[in-house]
Amino acid sequence: VDFGYIPDCGSMCQMLENTTGKMPVFIGKPKPDMVYKAMEKYGFDKDLTAVIGDRIYTDIPAGVNADVCTICVLSGEATLKDIDESDIKPDYVFNSVKEVLEAIK
């Protein structure tokens, strides 16, 4: 956010574990569960599915873990340097979602 970082899912889950003594089940990125649910809901198979995201450590691994196409957009958090330094590589890199839409036309 523009004023810094705010607690994310991991922080909330740690709070719940500390309070209840039970670890919540994680379904968020980079796990593929949300990708599978979206594919199931909309009736698409892996060949017709792509994960588009701007985080090389959550969005792109979620797509890789679901064995679908991955597209990293550079209009958010990720930079080309981040991609170069990462062990996980997206299938495609675009400057923006607008460029993705232009490419599939």
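Predicted model: local features only at pLDDT ≥ 70, side-chain atom pairs only at ≥ 80, totals over all residues.
Reader: How many salt bridges?
Author: The structure holds 4. A salt bridge here is a side-chain nitrogen of Lys or Arg within 4 Å of a carboxyl oxygen of Asp or Glu.

Reader: Which residue pairs with Asp-59?
Author: Lys-29, with the closest N and O atoms 2.6 Å apart. The pair links distant parts of the chain, 30 residues apart. Asp-59 sits in helix α3 (residues 59-65), and Lys-29 in the loop between α1 (9-20) and α2 (33-42). Helices (H or I, at least four residues) and strands (E, at least two) are DSSP runs, numbered from the N terminus.

Reader: Is Asp-59 buried or exposed?
Author: Buried, at 6% relative accessible area. Lys-29 is partly exposed, at 43%. Buried means under 20%, exposed over 50%, partly exposed in between (1.4 Å probe, protein chains only).

Reader: What does Thr-58 touch?
Author: Lys-29 and Pro-30, leaving aside neighbours within four places in sequence. Contact means heavy atoms within 4.5 Å. Thr-58 lies in the loop between β1 and α3 and is buried, at 14%.

Reader: Back to salt bridges. What does Lys-46 pair with?
Author: Asp-67, at 4.0 Å between the closest N and O atoms. Lys-46 is in the loop between α2 and β1 (50-53) and Asp-67 in the loop between α3 and β2 (69-73), so the pair ties together parts 21 residues apart in sequence. Lys-46 is partly exposed, at 37%; Asp-67 is exposed, at 54%.

Reader: And where do Lys-81 and Glu-85 lie?
Author: Both are in helix α4 (residues 80-85), 4 residues apart, about one turn of the helix.

Reader: New topic. Which residues form the nonpolar patch?
Author: Ile-52, Val-97, Leu-101 and Ile-104, with about 380 Å² of accessible area together (Shrake-Rupley method, 1.4 Å probe; for residues, only the protein chains shown count as cover). Patch residues have over 30% relative accessible area and no salt bridge; like charges are joined within 9 Å, nonpolar side chains (Val, Leu, Ile, Met, Phe, Trp, Tyr) within 5 Å.

Reader: Which helix gives the most?
Author: Helix α5 (residues 97-104), with 3 residues. Leu-101 is in helix α5 and is partly exposed, at 48%.

How values were computed
Residues numbered from 1 in each chain as written. Heavy atoms only, no water.
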